[in-house]
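Welcome! Please take a look at the sequence and the structure below, and then we can walk through some parts of it together.

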Amino acid sequence: MLIQTVATQPFADQKPGTSGLRKKVRVFQQAHYLHNFVQSIFDTLQIPADAILTVGGDGRFYNKEAIQVIIKMAAANGFAKVLVGQNGILSTPAASNIIRKYTTFGGIILSASHNPGGPDDDFGIKYNTSNGGPAPEKITDAIFANSKQISHYKIAPELPEVDLSAVGITTLDGFEVEVIDSVSDYADLMQSMFDFAAIKRWLAAGHSLKFDAMHAVTGPYAQEIFVNRLGAPPDSLMNCVVSENFGGGHPDPNLTYAEDLVKVAYGPQAPDFSAASDGDGDRNMILGSHFFVTPSDSLALIAANARLIPAYASGLSGVARSMPTSGAVDRVAAKLGIDCYETPTGWKFFGNLMDAGKVTLCGEESFGTGSDHVREKDGLWAVLCWLNLLAATGESVESLVRKHWQQYGRNVYSRHDYETVPTAPAQAVMQHIKQQFASLPGQVFGSYTVNTVDDFSYTDPIDASVSNGQGLRILFVCGSRVVIRLSGTGTEGATIRVYLEAYTEDPAQQQLDAQDALAELITVSHQISQLPQLTGRLQPTVIT
Ligand code: VG1
Ligand code: CO
């Protein structure tokens, strides 16, 4: 096989964020840009002679072109084989499953997740290690370092374009590309974990389900699992045909962007259960009839009831949540007598805990829930958890949540996002809070007294690696808190995320709308951060 070494110049902006490198498609289309990053990944690895690389993406614009480049570069860099999803499609959790099930060396996932797709929108790429999880910071830092000094990349230019539409094996000079069915391995895994017979009976008894794939990657997975295997009527699915620009939408499953589904779930014919997933299939939104479940509550409730699900019948080893996620799951862990870990934002921090058998379930407030069945968060898995719990208990979504609050109290929670803020004022907000670190403790704001403030730092309990600067925390004496951090997944300006949490045992308070219950805390957060004054933004762009 002819291997060409191509001279190149470094790009300065290839630092992976919370979940890989995300940029506008046009940035990736610059000559050598994708090649440089892929070579920078390969240069961090010691690739053994029989190494297999898993490759797949969420089907967005530029997915197929990128895959052809990656195949040619994998061949030139010494991989023996590439496993690629049919039509270049693998949801993020499905890719994680393929890496694990076929013990491949690692994987490249092409996705910008919940960010919009299309020629003027976003593309992304990340590397997952042999455990199926996102590369830890040690590796992403090394990739960035390589990208800043790269001078050459290797490619096999004569390798023919692989026909990604047909399942099968192509061989060239001993290098193999196998196109695999994108769905069946994942659907089999789900079927092995949940009580499909009980869910089938629940559906057959007249309960209704609506699933919104938001024109993104979970469409074919939902068709196979909900319709083909669980017998749900075909009109249980909406927006389930994958499109390269996600139907022009923003494939982010929350009350703002999943408006098609929200209309149905709050409409006159509201189904018993509604759910949506994001661009790459790792996020989930759970709704009952006229009822929204916060992701933090969803994690807590799945943890509390996990034994009703066959895969977790023998209990959980422990749980983990990202720092900004509410403490609802901590209360469940305390009751169950299991450990609860608090990690920085981003799924990559859960991998070590799962590999070491310390945790079974993990979750993030950003509509991410998952378990150690793979090493990514998993949207359809969360949907199946809920369906399994509904079928096993015969309860409605709302009554399950309300009973949970009665038993554990409610962590009233909301996140306010201020998107596309220019970088300077966003930094100014963070600086303004940091300047008050010494003076804030003890200060009184209305009914809130500041207890402590810090910039969250995490020491990994398994490998002792330290991650600093993970978000500013203002903790109040009453147990309420405000967390402020800058997003690491955006591609335009800065996004400021303000996370608000108050705990209440009072049943009357538990019935309140979260925005009403948090109104004073929101005002206090503005007083301390001066966000409206420093950014000119009076309202958040998105409230979840
Ligand atoms: C966001 C979320 C974070 C999540 C990450 C990737 O990161 O807050 O919880 O892990 O997206 O999700 P940030 O840095 O923008 O806050 V996905 O579904 O985009 O891979
Ligand atoms: Co995602």
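## A leucine and its contacts

Let us begin with Leu 518, which is in contact with Val 412, Ser 414, Leu 500 and Ala 502 once its neighbours within four places in sequence are left aside. Keep in mind that this is a predicted model.

Is Leu 518 buried or exposed? There are 22 other C-beta atoms within 10 Å of Leu 518, and a residue counts as buried at 20 or more, so Leu 518 is buried.

Stepping back, the chain is divided into domain 1 (4-181), domain 2 (185-408) and domain 3 (410-543). The centres of domain 1 and domain 3, taken over C-alpha atoms, are separated by 36 Å. Contact between these two domains involves 11 residues of domain 1 and 5 residues of domain 3.

Which elements of domain 1 supply at least two residues each to the side that touches domain 3? They are strand S2 (21-24) and helix H5 (137-149). S2 gives the largest share of that side, with 3 residues. By class, the side of domain 1 that touches domain 3 has 5 polar and 6 charged residues, and no nonpolar ones.

## Two crossing helices

Next, find helix H4 (residues 92-101) and helix H6 (residues 184-193), whose axes come within 9 Å and cross at roughly 90°. Angles of 65 to 115 degrees count as roughly perpendicular, so that is how H4 runs relative to H6.

Which residues meet here? From H4 come Pro 93, Ala 94, Asn 97, Ile 98 and Lys 101, while H6 brings Asp 185, Tyr 186 and Leu 189. The residues of this contact between H4 and H6 divide into 5 nonpolar, 1 polar and 2 charged.

## Around the ligand

Finally, turn to ligand 1. How many residues surround ligand 1? There are 18, and the closest are Thr 18, Ser 113, Ser 366, Ser 487 and Thr 489. Sorted by class, the shell around ligand 1 holds 12 polar, 5 charged and 1 nonpolar.

Technical notes: Residues are numbered from 1 along each chain as its sequence is written. Chains are lettered from A and ligands numbered from 1 in the order in which they are written. This is a predicted model: local features need pLDDT of at least 70, side-chain atom pairs count only at pLDDT 80 or more; totals for chains, interfaces and linings use all residues. Axes are lines fitted to C-alpha atoms, for helices over the stretch in contact, and angles run from 0 to 180 degrees between N-to-C directions. Helices (H or I, at least four residues) and strands (E, at least two) are DSSP runs, numbered from the N terminus. Angles under 35 degrees count as roughly parallel, over 145 as roughly antiparallel, 65 to 115 as roughly perpendicular and the rest as oblique. Two residues are in contact if their C-beta atoms, placed from the backbone, lie within 7 Å. Ala, Val, Leu, Ile, Met, Phe, Trp, Tyr, Cys and Pro count as nonpolar, Asp, Glu, Lys and Arg as charged, and the others, Gly among them, as polar. A residue is near a molecule or strand if its C-beta atom, placed from the backbone, lies within 6 Å of it. A residue is buried if 20 or more other C-beta atoms lie within 10 Å of its own, exposed if 12 or fewer, and partly exposed in between; C-beta atoms are placed from the backbone. Domain bounds come from an automatic or database domain assignment.
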